[in-house]
Amino acid sequence: MILIGASGHAKVIIDILEKQDIKVDFLVDANPAIKELQSYKVILESDFNIDAINEEVIVTIGSNHIRKKVAESLKAEYGWAIHPSAILGDDVSIGQGAVIMAGAIINSSSSIGNHAIINTSCSIDHDCTLEDYVHVSPNATLCGTILVGEGTHIGAGATIIPNISIGKWVTIGAGAVIIENVPDHAVVVGNPGRIIKYND
């Protein structure tokens, strides 16, 4: 496995892959000052030729916007990382390049999009659909039958009640409680959640 991005997020994914007994070949990063991460070699982005390799790739960048830009720029076969302590229900689908971290629970008939991040100890209940590049932060709770649009970031400890639709590229603040549908690009904070602005 080759990892694109050598940051703290990559450290967590390295740990998951090691626990899955998946070999990490090396990492790629744009920062020439980073030569090694967790004892793995880091290759400078300008020296990396994706067309010359056959290994699977994960984009290990936490920013949803940057992760999308990088993933769409590469012609690669994408793998995924699923921590052994994660619990996946029946008929759960996991997209290419997605990562599922320690203690996460994804219940029956839910769908996780490409390059999504399901972070530590979050809970996603039945029949939820998370589109591509979504990031669900640690300890967030998504109750049943929730739609989360592309690129949305759900903050740590946020709670979303059942049957809610959240738009694309939304930011849900840490600890927010979402009881109404949220439109595209909104920034929502508080309990109950309120829109305070819209992302550009």
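Partly exposed means a relative accessible area between the buried limit, under 20%, and the exposed limit, over 50%. These legends describe close-up views of a predicted model.

**View 1. Lysine 23 and aspartate 25 form a salt bridge.** Here the closest N and O atoms are 3.6 Å apart. Lysine 23 is exposed, with a relative accessible area of 61%. Aspartate 25 is partly exposed, at 24% relative accessibility.

**View 2. Glutamate 150 and lysine 68 meet in a salt bridge.** The N to O distance between these side chains is 2.9 Å. Glutamate 150 lies in the loop between β17 (147-148) and β18 (153-154). Lysine 68 belongs to helix α2 (residues 64-73). The pair therefore ties together parts that are 82 residues apart in sequence. Both glutamate 150 and lysine 68 are buried. The structure holds 3 salt bridges. Side chains of opposite charge can pair when their charged atoms come close.

**View 3. Histidine 115 is buried in a loop.** The loop runs between β11 (111-112) and β12 (117-118). Histidine 115 counts as buried because its relative accessibility is 5%, and the cut-off for buried is under 20%. Which residues does histidine 115 touch, not counting those up to four places away in sequence? The contacts are Arg67, Ala71, Tyr78, Gln96, Gly97, Ala98, Tyr133 and Val134.

**View 4. An open sheet is formed by 8 strands.** The strand order is β6-β9-β12-β15-β18-β21-β23-β24. The pairing is mixed. At the edges lie β6 (81-82) and β24 (194-198). Each edge strand pairs on one side only.

**View 5. Strands β9 and β12 run parallel.** Strand β9 spans residues 99-100. It is joined to β12 by 2 bridges. Isoleucine 100 stands opposite isoleucine 118, a residue of β12.

Terms used: Residues are numbered from 1 along each chain as its sequence is written. This is a predicted model: local features need pLDDT of at least 70, side-chain atom pairs count only at pLDDT 80 or more; totals for chains, interfaces and linings use all residues. Side-chain values use heavy atoms; hydrogens and water are left out. Helices (H or I, at least four residues) and strands (E, at least two) are DSSP runs, numbered from the N terminus. Buried means under 20% relative accessible area, exposed over 50%, partly exposed in between (1.4 Å probe, protein chains only). Contact means heavy atoms within 4.5 Å. A salt bridge is a side-chain nitrogen of Lys or Arg within 4 Å of a carboxyl oxygen of Asp or Glu. Two strands pair if DSSP finds at least two bridges between them.
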